[in-house]
Amino acid sequence: MNGTQGPEPRSAHSRPIQVSYAPQSGPAPMAGSGRGRRVAFGITATVAAAAMIGVGAVSWAHRSPAAAAQVEVSSTSTTGSHHPVSTPPAGTAPVTLVAHRVPAAPAVPAAKVNCNVKKCIALTFDDGPGPYTHKLLGELAAAKVEATFFLIGGNVGHYPSLVRAEVAGGHAVGNHSWSHPQLTLLSSSAVAREVARTQTAIHHAAGITPTLMRPPYGAVNPRVLGVLGQHHLSAVLWNVDTEDWKNRSVSITTQRALAGARPGAIILMHDIHPTTVQAVPGIIKALKARGYTLVTVPQLLGHPVAGHKYFNR
Ligand SMILES: [Zn+2]
């Protein structure tokens, strides 16, 4: 947006967007359904325009879709917190825009990972970018592992350099709505706004347009899927829930990830919790020891179809 070098711009709105949620009745993702058809992962890479989107950080109560009636844990992102990174000049290719000292993970081209042969598994991280995302990117790069990040649009403007670092590191970046509502409770036009605003924010930050959407709480229905399809998005759910947002425990998060691991699985975690980031190196090491190849969701699913939902390969 401009060529200045300096601190990442503060939001024009210093107060967080407060989002409250009525009790939900959304469907819990069920393991084993939604096998992906194999099609191309069509992110649109363009020259990045540095984002200086005036947005507030998002707060929300995170609730497991598989346990809607269970205790809520408030998960509040840091308001106005931002990394002392540089705003890149406009017109620079995204790969050059990484202000963090995150070594780029050697990208494994999707075509070279044959998940029909390999024991593939995908780590996914929701609700960022956040204060711990930078550390996680370093851990992933050190382990030479690519993951998938589903971003809250309202947080993207606070950490645009992290979004670029995710893309530059070979990770897949998807849409996780603007403000984390249960989409099934919204009108179709409101769903479309949540989706489109986040698509725009991610594109402004990193020059890509996601083709994957993780609906908050895993709540989708045919109507929501129809809106996602109109935006060329596939719904990516999960079949391994670490419940890291609830247990906030390195050991429990690790245990749940490994207990659920199976070929083709999609593991749900959240990079806004320090315990999760601490757990990741051990999870990766253990999965590799069991013969898994850790891949992005596009690598795992091949060519997910817009408007369809997927829980695993
Ligand atoms: Zn979420």
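**View 1. Helix H5 carries the exposed residues Pro222 and Gly226 on the face turned away from its buried side.** A residue counts as exposed if 12 or fewer other C-beta atoms, placed from the backbone, lie within 10 Å of its own, as buried if 20 or more do, and as partly exposed in between. Helices (H or I, at least four residues) and strands (E, at least two) are DSSP runs, numbered from the N terminus. This is a predicted model, in which local features need pLDDT of at least 70 and side-chain atom pairs count only at pLDDT 80 or more, while totals for chains, interfaces and linings use all residues. Residues are numbered from 1 along each chain as its sequence is written. In H5, which spans residues 222–230, the buried residues are Val224, Leu225, Val227 and Leu228. They lie on the same side of H5 because they cover an arc of only 155° around the axis, the arc being that of the directions from the helix axis to the C-beta atoms. The buried residues of H5 pack against helix H4 (188–206) and against the strands S7 (212–213), S8 (234–236) and S12 (309–310). His232, whose phi is positive and near 60°, follows H5.

**View 2. Tyr217 sits in the loop between S7 and H5.** Tyr217 is buried, because 24 other C-beta atoms lie within 10 Å. Although Tyr217 and Leu183 are 34 residues apart in sequence, their C-alpha atoms are 8.9 Å apart in space.

**View 3. Strand S5 (residues 148–151) is covered on both faces.** Thr148 and Phe150 on one side, and Phe149 and Leu151 on the other, are all buried. S5 runs parallel to strand S4 (residues 119–128), to which four bridges join it, and it also pairs in the parallel sense with strand S6 (residues 172–175) over four bridges; two strands pair if DSSP finds at least two bridges between them.

**View 4. S4, helix H1 (residues 133–142) and S5 make a right-handed β-α-β unit.** Right-handed here means that, with the strands pointing away from the viewer, the path from the first strand over the helix to the second runs clockwise. In the loop between S4 and H1 lies Pro129, and the peptide bond from Gly128 to Pro129 is cis, with omega near -5°. Lys144, in the loop between H1 and S5, has a positive phi near 55° although it is a residue other than glycine. Lys144 counts as partly exposed because it has 15 C-beta neighbours inside 10 Å.

**View 5. Ile202 is among the residues with the most contacts inside the largest nonpolar core, which has 66 residues.** Such a core is a set of buried Ala, Val, Leu, Ile, Met, Phe, Trp, Tyr and Cys residues joined through C-beta atoms within 7 Å. Leaving aside neighbours within four places in sequence, Ile202 is in contact (C-beta atoms, placed from the backbone, within 7 Å) with Leu151, Val156, Val163, Val173, Asn175, Ile208 and Pro210.

**View 6. Over residues 1–108, pLDDT stays under 50.** pLDDT is the predictor's confidence in each residue, from 0 to 100. Where pLDDT is low, the predicted coordinates should not be read in detail. The chain averages a pLDDT of 76, and 65% of the residues score at least 70.

How values were computed. Two residues are in contact if their C-beta atoms, placed from the backbone, lie within 7 Å.
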